[in-house]
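Notebook open, new structure on the screen.

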Amino acid sequence: MEVTLEGTPTANAGLDYARKLCGYRFLQETLSNAARHSGSNAASVHVEHLPEALSVAVCDTGRGFEPATAQRLRQDGGQGFLGLTDRAESLGGTIEIESAPGLGARITLTLPSEETSS
């Protein structure tokens, strides 16, 4: 899968280790899902660093899915987006899923900067 990067990540971005790890795991899971399930051969990563938060979105133009279905435990015991959502929320962040069958997907992680999360 070809992946393009839009935006420039800031070296430290005001994020502690837990937030950096959350961002890494988010990219790992969403890009893996896009490669395995989207049916597309390309994805894009959009990074926006604001003083109060970091936003990272993974987008594809693949087959898409029903977001409500992705928010449940799977039959094989996998957590899917639940694990990502739990991790983000434990750090004051959010996961937003925008998708529909046939319309691709955009999954966005927003994490508050360390200084603004208290």
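I started at His 46 and looked for its bridge partner in β3, which is Ala 57. Seven bridges join strand β2 (residues 42–49) to strand β3 (residues 53–60), and the two run antiparallel. For the record, strands (E, at least two residues) and helices (H or I, at least four) are DSSP runs numbered from the N terminus.

Before going on, I noted that this is a predicted model, where local features need pLDDT of at least 70, side-chain atom pairs count only at pLDDT 80 or more, and totals for chains, interfaces and linings use all residues. Residues are numbered from 1 along each chain as its sequence is written, and side-chain values use heavy atoms, with hydrogens and water left out.

Next I checked the whole sheet. It is open, has five strands in the order β1-β2-β3-β5-β4, and its pairing is mixed; two strands pair if DSSP finds at least two bridges between them. I found β1 (2–6) and β4 at the edges, each pairing on one side only.

Then I went to β4. Six bridges join it to β5 (residues 105–112), antiparallel again, and Glu 96 has Thr 108 as its partner in β5. Five residues sit between these strands in the hairpin, where Gly 102 takes a positive phi near 85°.
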